[in-house]
Amino acid sequence: MELARRLPTGTRALRLSPVFLFLGAACVFLLVGSLESTVFAQQTVSGVALGAVYGSLALALVLIYRATEVINFAQGEMAMATTYVAYQLMLWGLSYWEAFFITLAVAFAFGGVVQLVFIRPVQHKSVIAVVIVTVGLFILIDGLVAWKWGADLKFMPAPFGNHVYKLGGVAVSRQDLGTIAITLASVVLLWALFRFTKLGLGMRAAALRPASAALVGVRVDRMLAIGWGLAAVLGAVAGLMTEPAVFVLQPTLMQPVLLYGFAAAVLGGLDSPVGAVVGGIAIGVFLNLVGQYVHFVTSEVRLPVAFAVLLLVLLIKPTGLFGRKRLRKV
Amino acid sequence: MRTRLAPIASLVVAAVVLAALPFALSAYHQALAAQVATFFIAILGLDILTGYTGQISIGHGAFMAIGGYTTAILSRDHHMNLVLTMLIALAICFICGLLVGLPALRLSGVYLALATFALAVSVPQIPLKFSKYLGGSGGVQTAKTVSHLWLYGASWTAAAIAFVLGWLVLRGRTGRAFRAIRDSEVAAASSGVGLPIYKTLAFGISAAFAGVAGSFYVLGTNGFAQPNEFSVLLSLQILIGAAVAGLGSLWGLLAGAAFVGLLPTISSDVPVIGSTHGQDVVFGLIVILVMLVLPNGVAGLLARLSRLRARA
Amino acid sequence: MAPLLELTDVEARYGPVQALYGVTLTVAEGEIVAVLGANGAGKTTMLRAISGTVDRSGAVTFGGKALPGVPEAVANLGVAHVPEGRGTFAELTVWENLRLGAYTRRGALKDDFARVQQYFPWIERRRSQQAGTLSGGEQQMLALARAFMQRPRLLLLDEPSLGLAPILVSEVFRIVRELNEQEGVSVLVVEQNAHIALQAAENAYVLEVGRVALSGPAADLQRHESVRKSYLGY
């Protein structure tokens, strides 16, 4: 299937590629279905909220991948750790939102420090070594959190309460709306950073062509550390929005989210931030709807189903929905 | 893997040590050693795939699961001889590997890695869904269990056979083709190397090795095959083992297998942090440190040392 | 007056392979210096040694002070390196490329953009165009414009004529001379097109196999027997 060659980012040309047509058709389908059935609409909305969280984590993964060609296996655990930090801050008496923003700052520093201490020494030597370091970090962080706070279930106050709105007969929880709003805000802020600021431009340059960026004076290593910091902030948001959705805090909080995040990132194309978010939402909505209407899909099959869809998409488009095709004729 | 006198001598030494070892070890330690052999076979398989044809897989836990469950089910339902089940597991996994290798041709690099990761996540869930035949979360138990000594002997014999097989494959025409593919796919194809055949073949061989490892893995856990034994963590362990091993060195493979097979157990005895969480902290830290110090694995270290010796 | 740039016995290597064997060279303030040589002579390596993109030993001073061997620092000190391949960010727009050129500068850039337009009037029209879709000549101009945005004291140019039609090559060197005369930018240009390089430069060097084989005023080298035979073709 010959797909329209996608020009690299920067052009504002509108492309009627099959991917956009497909997504457009999907949106129409969701709209029609939601108007027809309240259950459909409810599953769609909560699917979007769920997917927004997957998309946040996927975006974090894509950020790091674009800058360093590395998959950060520890992204989920870093997000989980920062959620525990928020928990601790609240235990010490801070309000939810005070803890929220302080946690974001802590996450930024955490991400930067991780890059500096663990990744920088190996990043130029071997990609596989860096990946293994992130796997080691996964295990290490998991152990540290469980050691410091214990593996038992903890409870955090709900940021948006438990109120459920009724919009035209459709039950929509305040939590879901809040999740969508917060993740949307963080994604938009990040986009604005990259698009409009000098720092953002420097980071893009460092990710695209590190050698050329160094020549114009961009401190490439510093940009990488900042990138990791921003990815950690996205992860923190994902963690803080996952906890109320599952009602408890425990060390395994982000492990399924990480897996769905991987699926979303690959689905969208590993070098596409837009793809990560779209992929996340797509997976969230798809799983909810399929779980509702297809009886084969029970809870233990959700993850394999997500990955089966992913594998299917990869067979058709090996670099994901929005990924760039690397032409390599043999 | 080179063919010079020194490596052959080291092989002989290794064989002698391994043959003598069980008499010095308790049953518990024999079981540990068998676990090292199990990982050795799996890591060797992954090494052939990733190290030699450059196709990254984080999904070998899935093939181990298939092999392990094959052994468990054939034993439980048909009371089949265990070695026979392993041979069948080998064949089945070889075919599965070919089946995975074919679509894998379309994927490259990190996309392939994550696609195989998808397998690692999904395959262990299958017994949960089809619990009637595959045992569900309760698992499948073999008809008979084996002694630790038998396990030690069988697993290390299999490891030796696997190593010899791997060595034969890699030094011949197939091996040259594999190495050509790793170094440059475009150049290899232009030289007439049938890319699809060799890449798929590599997957098949690699999966077959993992399947046999899976059988031993199940036997090592009292003949009990369970979904959570074959979690994502297992695939990651094999990957870690292969990274620690590095490329193309027997001692590297042994080091990698020992690292993954022994370290978690040893680190659980660390008193300071104690308990399961301490074990994770220690294991994670050591994995990171090893990668920081030896980014090209033990094989890389050995290569550097031999270069230093050559210059001296 | 002390030279702006001074290389003394600079050596450089790519891993185990040595590329420069003790190069000594100076660029005076306000000068254009040309470096000629065949392929593999070490011209590109020499520029890389200055900007710190290759491992080097030996002394490199800029404005009397030692030049650090780190590209980011070198850029901040006022050296703009336009590498072979131009170092253009093909995925970004023309405007973003220019903006990156000015990365080391603080304060408002309006004046700089205005000046860039004086030298490259077509740039304003194309500011939202993706840099990778520009023609070869335009990309070279963009690279010069980007370097100029940095307001460097020294401009390092690596084979600006590469792949360009003769009329564009003349245009490029015309702009380089203008930048030198009007803006006071010193230039160290590496070239295989000896003819045009010697016409533009005050002083020139010839590199052979990583060493300086000849040096002197450009006019003298133009008349030099072996230079004529090897590089000027007559």
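Because the model is predicted, local features need pLDDT of at least 70 and side-chain atom pairs count only at pLDDT 80 or more, whereas totals for chains, interfaces and linings use all residues.

Select chain B, whose secondary structure comes to 15 helices and two strands (DSSP runs numbered from the N terminus, helices being H or I of at least four residues and strands E of at least two). Its radius of gyration, taken over C-alpha atoms, is 19 Å, close to the 20 Å that the globule rule gives for 312 residues, so chain B is as compact as a globular protein of that length (the rule is 2.2 Å times the number of residues to the power 0.38). Along the principal axes, the C-alpha atoms of chain B fill a box of roughly 55 × 45 × 35 Å.

Next, show chain A beside chain B, where 37 residues of chain A are in contact with 35 residues of chain B, contact meaning that C-beta atoms, placed from the backbone, lie within 7 Å. On the side of chain A that touches chain B, the elements giving two or more residues are α5 (127-149), α10 (255-268) and α12 (302-316) of chain A, and α5(A) gives the largest share, 14 residues.

Methods. Residues are numbered from 1 along each chain as its sequence is written. Chains are lettered from A and ligands numbered from 1 in the order in which they are written. Two residues are in contact if their C-beta atoms, placed from the backbone, lie within 7 Å.
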